[in-house]
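Good morning, colleagues. I would ask you to look at the structure on the screen while I speak about ring pairing and helix packing.

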Amino acid sequence: MGLLDSVVGALAGGQSGGDNPLLGIVMQLLNNQPGGLAGLVQSFQQGGLGEIVNSWVSTGQNLPISAEQLQSVLGSGQLQQIAAQLGVSPEQASGNLADLLPKVVDQLTPNGQLPQGGDLLSQGLDMLRKGGLFG
């Protein structure tokens, strides 16, 4: 099992990346986002969804996000690309992403703080290991 498969498996509760291709796309989204995870959080804050995204980063309960709210931040073009990669409709992709993205951000910020600098994937692995999600 590769490194990305390990991250994907840990975040998906033991599922492999092949079982949940959306998770791999989420990790790509975070790594390709200007500013990484912090840049994504900032996009949500600038889009008027700061309370929602801050709940994902904090140690409290995650507030839900709707597919429509997600589309307002990411844009229909990016959601269409994700949908095409998954072979589903943009509505289905945004709905699935609205379910998964809060969990991923929450797992990557276990202490209620955004990682500072560096590669999100390796920082996420370190955080997941410290959180006991890896053996």
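Phe44 has a relative accessibility of 0%, so this residue counts as buried (under 20% relative accessible area, with exposed meaning over 50% and partly exposed in between; 1.4 Å probe, protein chains only). Trp56 is likewise buried, at 0%. The model is a predicted one: local features need pLDDT of at least 70, side-chain atom pairs count only at pLDDT 80 or more, and totals for chains, interfaces and linings use all residues. Residues are numbered from 1 along each chain as its sequence is written, and side-chain values use heavy atoms, leaving out hydrogens and water.

The ring centres of Phe44 and Trp56 are 5.5 Å apart and the planes lie at 65°, so the pair is edge-to-face. Phe44 belongs to helix H3 (residues 36-46) and Trp56 to helix H4 (residues 50-57), 12 residues apart. Helices here are DSSP runs (H or I, at least four residues), numbered from the N terminus.

Let us turn to helix H5, residues 67-74, where Ala67, Leu70, Val73 and Leu74 are buried. They cover an arc of only 125° around the axis (taken from the directions to the C-beta atoms), which puts them on the same side of H5. On the other side, Glu68 and Ser72 are exposed. The buried residues of H5 pack against helix H2 (21-32), H3, helix H6 (76-86) and helix H7 (90-108), contact meaning heavy atoms within 4.5 Å. Just after H5, Gly75 takes a positive phi of about 90°.

Technical notes: Rings of Phe, Tyr and Trp (its six-membered ring) pair if their centres lie within 6.5 Å; planes under 30 degrees apart count as stacked, over 60 as edge-to-face and the rest as tilted. Helices (H or I, at least four residues) and strands (E, at least two) are DSSP runs, numbered from the N terminus.
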